[in-house]
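The entries below follow the order in which I looked.

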Amino acid sequence: MQSERSLIPTPMPVRRHARSGNRGLALTALCLAVLLVVMDNTIVNVAIPTMSDALNASSTDLQWVVDAYTLSFAALLLPAGKLSDRWGRRRMLLVGLAGFAVVSAATAFSWALWQLVTLRVVLGVCAALIYPATLSSIIVIFEGSRYRSLAVGLWAATSGVGIALGPIIGGVLLEHYAWNSIFWVCSVIGVVALACIAVAVPEVRAYRSERFDFPGTVLSVAGVGLLVWAIIERPTYGWLSWPVIGGICAALIILAVFAAVEGHTHAPLIDVGLFRRATFTSSTCAICVAFFCLFGFIFITTQWFQALRGYTALQTAVATLPFAVVMAAVAPLATQLAKRFGYRSVVSTGLLFLSASMFVVTRVDAHCSYWFVVVPTMALMAAGIALIQGPATDALMSTVYFVKSVFRV
């Protein structure tokens, strides 16, 4: 039987270029980049009715304006993270943000559905270049600092708050401007984030060039892409339909082959041996569940307010504000609570909050009280996700760096 040491590939050493003396500014710049990526995923939700009239398209067709971004982003996230290690994380951030700003501006000029969907796919590619490089940069910038857990917690909090802020900012813009204003705002934020990254964030990359894992890249893109597509198409075909069942089964087979290939690759996209560690696996699963529930809740909530309650885009933005407020308030405390009470206790509590809130959501109808049902449910869900994201991300990264330090050769 192979030893545990042989099952875990040696991590590549890292070259650190001149580090900025202002860690706070670097963290702010990286969080702004994260905010842009996750906010763009939900900002178009409240614009779907307006886009439907402007582009003469059905809401079902326009759903791909939302999903095209998610699909390309999810499929390319893993290989993009590996590329950032090889090419340089700061460089990858700059390229991704520049592309995001330009493509967002181009999207604002779309006059047909096919153009909008195509450009949203490209935006998802740019987002995949940005997102993984932000967390890895934070880990290096705050390496050895007692504020590392807090920095990771703020990064995780920004992800959650950004998802909730999307419909809020979109609603405010649509009250006064046309639907394409949401893309202009993303373009402006991209330019600001680009300037901040260029000034505040140091370059970090692996100095030992290893062969890029092309077989793993093809398998991961195909497996993850097919799985996300099947989940997206579930409302159209149904869970028991052949396209959805076949897509999920094929995706799982491809991902199983991917895991087998990665276990025998010298420089894999991901070290599958990490999943043998309970902390890593449980943290990953907790984060996946949290984001899965969060994206679904935000999408359903914005449609519920507009389609069933008859709210305007601005009224929807105001109505969802409590979620973002609670998320922003609880998230910075989560990592500190984890230090005092332990990662398992805090994340488990967050999962309980999340489960309770999702149970209530399944019983909400058009006539439920906003203040006595909807707001408490949003607050409970926001608190649950906040308790999960920061501690689980910190535990996950701590496991990675523990393995890296113990099994270094």
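**Entry 1: the Asp-85 pair**

I began with Asp-85, which is partly exposed at 21% relative accessibility; buried here means under 20% relative accessible area, exposed over 50%, and partly exposed in between, with a 1.4 Å probe and protein chains only. The model is a predicted one, in which local features need pLDDT of at least 70 and side-chain atom pairs count only at pLDDT 80 or more, while totals for chains, interfaces and linings use all residues. Residues are numbered from 1 along each chain as its sequence is written, and side-chain values use heavy atoms, with hydrogens and water left out.

I then looked for the partner of Asp-85 and found Arg-89, joined to Asp-85 by a salt bridge of 2.7 Å, N to O. The term stands for a side-chain nitrogen of Lys or Arg within 4 Å of a carboxyl oxygen of Asp or Glu. Arg-89 is buried, at 8% relative accessible area.

**Entry 2: the other salt bridges**

How many salt bridges does the structure hold? I noted 3.

One of them joins Arg-120 to Asp-40, with the closest N and O atoms 2.5 Å apart. Arg-120 is in helix H6 (residues 113–141) and Asp-40 in helix H2 (residues 23–42), so the pair ties together parts that are 80 residues apart in sequence. Helices are DSSP runs of H or I with at least four residues, numbered from the N terminus. I checked burial for this pair, and both Arg-120 and Asp-40 are buried.

Another salt bridge links Asp-394 with Arg-148, where the closest N and O atoms are 3.1 Å apart. Asp-394 sits in helix H16 (residues 370–406) and Arg-148 in helix H7 (residues 148–176), so this pair ties together parts 246 residues apart in sequence. Both Asp-394 and Arg-148 are buried.

**Entry 3: Asn-41**

I moved to Asn-41, which is found in helix H2. Asn-41 counts as buried, at 5% relative accessibility. For contacts I used heavy atoms within 4.5 Å. Apart from neighbours within four places in sequence, Asn-41 is in contact with Val-66, Tyr-69, Thr-70, Arg-120 and Phe-295.

I looked up Leu-129, which is placed in helix H6. Is Leu-129 buried or partly exposed? Leu-129 counts as buried, at 19% relative accessibility. Leaving out neighbours within four places in sequence, I listed Ala-80, Met-92, Val-95 and Gly-96 as its contacts. I also noted the C-alpha atoms of Leu-129 and Pro-79, which are 9.0 Å apart in space and 50 residues apart in sequence.

Ser-137 lies in helix H6 too. Its relative accessible area is 1%, so Ser-137 is buried. Not counting residues up to four places away in sequence, Ser-137 touches Leu-30, Arg-89 and Leu-93.

**Entry 4: Ser-357**

I found Ser-357 in helix H15 (residues 343–361). Ser-357 is buried, with a relative accessible area of 0%. Beyond residues up to four places away in sequence, Ser-357 touches Thr-377, Leu-380 and Met-381.

**Entry 5: helix H3**

Which residues of helix H3 (residues 48–55) are buried? I listed Ile-48, Met-51, Ser-52 and Leu-55. Down the axis of H3 these buried residues fall within an arc of 105°, so they line one face of the helix; the arc is that of the directions from the helix axis to the C-beta atoms. Just after H3, Asn-56 takes a positive phi of about 55°.

**Entry 6: the largest nonpolar core**

I turned to the largest nonpolar core, which has 108 residues. Such a core is a set of buried Ala, Val, Leu, Ile, Met, Phe, Trp, Tyr and Cys residues joined through side-chain atoms within 4.5 Å. Those touching the most other members are Met-51, Phe-100, Tyr-131, Ile-182, Phe-183, Phe-323 and Ile-385. H16 gives the most to this core, with 15 residues.

Technical notes:
Helices (H or I, at least four residues) and strands (E, at least two) are DSSP runs, numbered from the N terminus.
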